[in-house]
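Biologist: I would like to learn how to read pockets and strand pairing in a model. Can we go through one together?

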Amino acid sequence: MTQIIDGKAISAQIKDELKTKVAAMKAEGTQVTLAVIQVGDDPASSVYVGNKKKACEYIGIKSLAYELPEETPEKELLSLIEELNKKVDVNGILVQLPLPEHIDEDKVIATISPEKDVDGFHPQSVGALCIGQPGFVSCTPAGIIQLLKRSGIEISGKECVVIGRSNIVGKPMALLMLRENATVTVAHSRTKDLKEVAKRADILIVAIGKPKMITKEYVKEGAVVIDVGIHRDENKKLCGDVDYEDVAAVCSWVTPVPGGVGPMTIAMLMNNCVESVGLEAR
């Protein structure tokens, strides 16, 4: 019987743990504060920002919203980030991506202080992950590690294939699985014999950005399948990179879309915010 990895339930558990932690910090006089910057009013970004604000409210994290018009000059955005870097009462800074075309995302990410980089995108955060030093980890890959661990799925010694090599998911995911002692292969759209490579995996993590691309032909009997994708199918229903119905026939565990990886991203963002408290003083 294929078991479903319930991201909604696991993310709720993490948020409840954080709520308890934040209440204890408040009792000692410490307030956790996250500054969220959104440039323009992209509908998907607005939904994400709204969900982050709700999560902050639930956990007890103070949320500061900076909603800037689409035409905001890059210089003005960088100046706001510099200002927030200096504020001792702001623990985390998040700039909602994507940004308008006239703004250089890399420059914006590099301007955020590494101690406040709760998204885990700063080059220093990524470098720390590469060499096994402490630092913030990109929220989606960190959430996937929690999904596996809290479902009682063994990672150490297992063969893991990550399909996708993005800076936000694929690369940090591979590094995190290495940190957990898995044997890791990173595959992508140019990989030859992708089906054969994917079929080696005890744990298959798919972040390739193509709806329902991964069918049971890519999956070894009894493998664990983690689907990072989110799309709308021809009937406007949400689906992932994995053909869920097809793959469920052969795998041991699978994440659904929606309700799998998605809720974990915000839960781990909240976790990073709580972890950021006192970093500058350390």
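**Reading the pockets and a strand pair**

Modeller: This is a predicted model. Start with the lining of the second largest pocket: ten residues are nonpolar, six polar and six charged.

Biologist: How is such a space found, and what volume does the second largest pocket have?

Modeller: Rolling a probe the size of a water molecule over the atoms shows where empty space is left. Here, the second largest pocket comes to about 580 Å³. It is lined by 22 residues, and Pro 134, Gly 135, Phe 136, Val 137 and Asn 272 are the closest to its centre. The elements giving two or more residues to this lining are α5 (123–130), α6, α7 (170–179) and α10.

Biologist: What is the volume of the largest pocket, and which residues lie nearest its centre?

Modeller: Its volume is about 1,200 Å³. Of its 43 lining residues, Tyr 48, Thr 140, Ile 230, Gly 262 and Thr 265 lie nearest the centre. Two or more lining residues come from each of α2 (43–59), β4 (92–95), α6 (139–150) and α10 (262–275). The most come from α2, with seven. By type, the lining has 24 nonpolar, 13 polar and six charged residues.

Biologist: Now the strands. In which sense do β5 and β6 pair?

Modeller: In general, side chains in a regular strand alternate between the two faces of the sheet. In this model, β5 (residues 159–163) and β6 (residues 183–187) pair in the parallel sense, over five bridges. Cys 160 stands opposite Val 184 in β6.

Biologist: Which helix belongs to the β-α-β unit with these strands?

Modeller: Helix α7 does: β5, α7 and β6 form a β-α-β unit that is right-handed.

Technical notes:
Residues are numbered from 1 along each chain as its sequence is written. This is a predicted model: local features need pLDDT of at least 70, side-chain atom pairs count only at pLDDT 80 or more; totals for chains, interfaces and linings use all residues. Side-chain values use heavy atoms; hydrogens and water are left out. On a 1 Å grid over the protein atoms alone, a cavity is a set of points where a 1.4 Å probe fits but cannot get out, and a pocket is an open set with protein on both sides within 12 Å along at least five of seven lines; lining residues have an atom within 4 Å of a point. Grid points are joined across faces, edges and corners, and a volume is the space filled by probe spheres set on the points. Helices (H or I, at least four residues) and strands (E, at least two) are DSSP runs, numbered from the N terminus. Ala, Val, Leu, Ile, Met, Phe, Trp, Tyr, Cys and Pro count as nonpolar, Asp, Glu, Lys and Arg as charged, and the others, Gly among them, as polar. Two strands pair if DSSP finds at least two bridges between them. A crossover is right-handed if, with the strands pointing away from the viewer, the path from the first strand over the helix to the second runs clockwise.
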